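Here's a quick briefing for anyone meeting this structure for the first time. Have a look at the sequence and the model, then read on.

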Amino acid sequence: MTLENAVFLSGIELPDGTLMMAAQNGKFDIATSPHSIIKLRSTSNGWSDAGQLSWTTAAVSNNKTDDGITLLGPYGRWLEFRTNGHDKGSIIVDVDEEDPPTTFRFLKCIAGELYAGGTDRYIFRKTLAGWEQISTEEMTSHQAAGSAENLTGFGADELYAIGWDGELWTNQGGRWRQIDSPTNLILNDADVLNDKVYVGGQVGTILEGRGDDWNIIENNELKQDIWSVRSFGSAVYFSAMSGILRLKNGELQLIKSLGPDMRSAMSLFTGPSGLWSVGASDICLFDGDTWQTIAQS
């Protein structure tokens, strides 16, 4: 099977080394022909097509049991794909796609629970009974326009939502409240390492903090928007369109620039083999020491 015309979005690595990737066909215009493609890469049999959806993918996450991949559309349609079957549905029930209450921006697995959210600071958690809204009216009807661009945390009892204008919100003990932020730039993604939260955003903005104590980490290495943040080993990695930064032992370093072996970078995820970098045309793997190009389209 060829990967020609494949535009990679993100994915996961299963415990047996199988890659499940969400992609699009670059030959088709997403606006006029919305679609998503699931591609599998087996360590023994190589690449294969696993299915196609009639809607675009806004966000990707691993399933709660790490046995598959979940795709989320901008209007709340979702598909949980496993090698032995799938579940699908919609987070927003009986809502016209032309005017949903939120446009979804993220899907994240935190401490074994799936969360999704988007514009107007709507946030949902997946339960056995379905998707439960956990954001409050104070958040969704806030006087300032806003968005829950992403979410991270240490578990359901301590979550952090990030978004437009540098907004930081935390849910501790089941109650959401806004935190004073050291920036007014858009924040795109976040992850945790040890006892700290790390956030990446516009023009290379990096925040470190927890609770009410936050500070900006000086970034003179890469002044582009940071789109993905992942902890791996004893460091935190930040991905921008032109390269990947690493924060380790307080030192921020550009550890990977674009070149023939990595022509694009955007999304980061971790798996049994290491840290994965996904760009529109590249899938690369970092084992902590060296980079390896896994696929290029």
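Two strands count as paired if DSSP finds at least two bridges between them. Strands themselves (E, at least two residues) are DSSP runs, as are helices (H or I, at least four), and they're numbered from the N terminus.

This is a predicted model, where local features need pLDDT of at least 70, side-chain atom pairs count only at pLDDT 80 or more, and totals for chains, interfaces and linings use all residues. Residues are numbered from 1 along each chain as its sequence is written, and side-chain values use heavy atoms, with hydrogens and water left out.

**An open sheet**
- Tyr 115 sits opposite Arg 125 in S11.
- S10 (residues 113-118) and S11 (residues 123-127) pair in the antiparallel sense over three bridges.
- Four strands make up an open sheet, in the order S9-S10-S11-S12, with antiparallel pairing.
- S9 (104-110) and S12 (130-133) are the edge strands, each with a single partner strand, so one side of each has no neighbour in the sheet.

**The largest nonpolar core**
- A nonpolar core is a set of buried Ala, Val, Leu, Ile, Met, Phe, Trp, Tyr and Cys residues joined through side-chain atoms within 4.5 Å; buried means under 20% relative accessible area, exposed over 50%, and partly exposed in between (1.4 Å probe, protein chains only).
- The largest such core has 14 residues, and those with the most contacts inside it include Phe 8, Trp 47 and Trp 276.
- At least two residues each come from S1 (6-13), S2 (19-25), S26 (274-278), S27 (282-286) and S28 (291-296).
- S2 gives the largest share, three residues.

- Gln 24 belongs to S2 and counts as buried because its relative accessibility is 12%.
- Beyond its neighbours within four places in sequence, Gln 24 is in contact (heavy atoms within 4.5 Å) with residues including Asn 5, His 35 and Thr 57.
- Thr 70, in S6 (residues 68-72), is buried at 0% relative accessibility.
- A polar contact of 2.3 Å links the side chains of Thr 70 and Asn 63; the term means a pair of N or O atoms within 3.5 Å where, within protein, one must be able to donate a hydrogen and the other to accept it, and residues adjacent in sequence count only if both atoms are side-chain atoms.
- Glu 80 lies in S7 (residues 77-82) and is buried too, at 11% relative accessible area.
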